[in-house]
Amino acid sequence: MGIKSIVLAAGKGTRMKSEKSKVLHEIFDKTLLGYVLDTINKTEMIDETYVVVGHCAEQVTDFIKTNYNDNIKTVIQSPQLGTGHAVSMVCDELDDFNDNVLILCGDTPLITEKTIKEFITSHKDNKADITVMSAILDNPKNYGRIIRNVDKTLNKIVEEKDANSEEKQIQEVNAGIYCLNWQKIKKSFSELKSNNAQGEYYLTDIISWSVKRGLSVQAYTLENSDEMLGINSKMQLAEAAKILNQRNLKKFMEQGVTIVDPATTWISEDTIIGNDTIIYPSVYISGKNIIGSNCKIGPMAHIRGEVETGDYVRIGNFVEIKKSKIKSHTNVSHLSYIGDSELGEHVNIGAGTITANYNPITKEKTQTKIGDYANTGSNSVLVAPVELEEGAFVAAGSVATKKVSAWSLMINRAPVKMLADWVKSKLNK
Ligand code: UD1
Ligand code: CA
């Protein structure tokens with residue numbers, strides 16, 4: 001048997017002050033829960049995952065069904081009586097399960113694949129019955145504190161609201177990630193009590209439950225405490241986004257991408273960028289993208305996801321691109337919108353070119369295809385579905401509504417009228 005995991009995602013997230021489920025809030029257009037599930041999948045150590053849903057259960061379930069395979073299942077917790085109660089919702093499903101169970105929270109998107117792997121490995125190497133992840137924080141406020149005995153072995157976890165003033169001084173906190181020998185610990189879930197400050201069934205109480213029964217309880221302490229940041233408020237959401245972004249930028253720079261100003265550049269972790277590409281200030285790249293080598297992006301460009309470029313591509317200032325493929329040596333240098341499009345190589349998109357890809361009445365999106373060596377003049381509109389064949393030229397200020405054949409010029413400007421002295425005649429009145 002392989003390891004299974006449980007992800008807690010049923011809580012209301014009151015502190016977010018939102019109508020939406022907390023775990024469906026996004027960083028770079030990817031949900032917090034999505035980060036956790038992708039990290040679990042990337043470890044390739046987990047066979048099956050149960051996500052406990054409750055608050056906004058329908059939204060969260062829909063999100064999982066649409067984006068993940070059926071090795072990610074959902075279980076309903078209603079009402080939500082605490083983190084321990086949440087795990088107990090999976091007890092029936094796992095009754096005969098005879099291996100380790102990893103438990104995580106859906107609101108900790110910064111946890112990395114490397115840490116999860118090391119955590120599980122340490123649990124197995126120590127032959128522990130429970131391993132809990134901990135971190136040492138300068139400001140431990142609001143987290144559960146790890147209480148150790150004089151000999152440093154674990155004793156229990158105390159929540160902030162239940163802690164006395166001495167316990168509140170403790171800087172080692174519970175990261176909310178656990179690995180359990182399921183058969184040995186599963187019984188604890190039916191024995192949890194809710195006689196605490198919040199009247200909830202705390203998952204954290206399985207630590208003292210296990211200590212009392214002489215089981216082996218270990219802590220794995222995080223090297224980088226940023227990874228455990230739990231998102232409970234919009235402030236923490238912004239903080240996590242910033243940490244994640246800086247982590248991504250560091251990785252890109254290590255891979256040979258030039259980032260002129262890391263302070264104003266935002267790039268998602270699901271983007272791949274070739275070396276010697278230069279990213280100028282104030283660029284925002286979200287979602288999944290592949291950008292080639294030796295490209296120049298920005299300043300002030302917005303790449304919204306599902307964008308693929310070849311090498312030596314230029315995406316200049318005030319350009320927005322989504323769901324498009326752009327081949328090598330093509331320039332989209334100024335003030336343009338390119339969506340649902342395929343651009344060949346050596347294409348030049350003039351300033352202010354717009355692909356009109358969306359019909360707001362039918363809500364349909366349609367495709368634009370632009371062949372190699374094609375050109376568009378400034379301020380041209382390509383009304384999709386439309387094609388510009390190889391070498392086609394759309395004149396400045398023109399609106400392309402049908403196919404422009406290879407190496408032809410398409411021009412549909414109104415004829416020029418010149419009214420001599422018209423301005424003067426108005427002024428003289
Ligand atoms: C929890 C831990 C705390 C730890 C912190 C780490 C408990 C009692 N406390 O506190 O020791 O330091 O995480 O981030 O476990 N949830 C449910 N059902 C419920 C309640 C919560 O599924 O009935 C889910 C939430 O959606 C969330 C997770 O469990 O994803 C954690 O709940 P939250 O309320 O954020 O716990 P914390 O107060 O942060
Ligand atoms: Ca939390």
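Trainee: How many salt bridges does a search of the whole structure find?

Mentor: The search finds 18 salt bridges. Please keep in mind that this is a predicted model.

Trainee: Why is the pair of Asp38 and Lys30 called a salt bridge?

Mentor: The closest N and O atoms of Asp38 and Lys30 are 2.7 Å apart. The criterion asks for a side-chain nitrogen of Lys or Arg within 4 Å of a carboxyl oxygen of Asp or Glu, so the pair qualifies. Asp270 also forms a salt bridge with Lys30, with the closest N and O atoms 3.2 Å apart.

Trainee: What makes Lys30 count as buried or exposed?

Mentor: Its relative accessibility is 12%. Buried means under 20%, so Lys30 counts as buried.

Trainee: Which pair links the loop between strand E19 (301-303) and strand E20 (307-309) to strand E22 (residues 319-326)?

Mentor: Arg304 forms a salt bridge with Glu320, and their closest N and O atoms are 2.5 Å apart. Arg304 lies in that loop and Glu320 in strand E22, 16 residues apart.

Trainee: Why are Arg304 and Glu320 described as partly exposed?

Mentor: The relative accessible area is 35% for Arg304 and 26% for Glu320. Partly exposed covers what lies between under 20% (buried) and over 50% (exposed), so this term applies to each residue.

Trainee: What makes Asp340 and Lys322 a salt bridge?

Mentor: Their closest N and O atoms are 3.2 Å apart, and the limit is 4 Å, so the pair meets the criterion. Asp340 lies in strand E24 (residues 337-343) and Lys322 in strand E22, so the pair ties together parts that are 18 residues apart in sequence. Both Asp340 and Lys322 are buried. Elsewhere, salt bridges that share partners join Lys30, Asp38, Glu269 and Asp270 into one network.

Trainee: Which residues touch the most other members of the largest nonpolar core?

Mentor: They are Ile27, Leu33, Leu37, Val51, Ile64 and Leu102, out of 47 residues in that core. Helix H1 (residues 32-43) gives the largest share, six residues. The core draws at least three residues from each of domain 1 (3-228) and domain 2 (234-410). A second, separate core has 35 residues, including Ile259, Ile338, Leu343 and Met410.

Trainee: What is Ile27 in contact with, leaving aside its neighbours within four places in sequence?

Mentor: Its contacts are Leu32, Tyr35, Pro109, Leu237, Ala240, Ala241 and Leu244.

Trainee: What area is buried between domain 1 and domain 2?

Mentor: The buried area is about 1,400 Å², and carbon and sulfur atoms give 63% of it. On the domain 1 side, Ile27, Phe28 and Leu110 lose the most area to domain 2, together 49% of what that side buries. In terms of contact, 16 residues of domain 1 meet 19 residues of domain 2. Two salt bridges are counted between the domains.

Terms used:
Residues numbered from 1 in each chain as written. Chains lettered and ligands numbered in written order. Predicted model: local features only at pLDDT ≥ 70, side-chain atom pairs only at ≥ 80, totals over all residues. Heavy atoms only, no water. Core = buried A, V, L, I, M, F, W, Y, C linked by side-chain atoms within 4.5 Å. Buried < 20%, exposed > 50% of the residue type's maximum accessible area, 1.4 Å probe, protein only. Helix = DSSP H or I, 4+ residues; strand = E, 2+ residues; numbered from the N terminus. Domains from an automatic or database assignment. Contact = heavy atoms within 4.5 Å. Buried area = accessible area lost by both parts, 1.4 Å probe.
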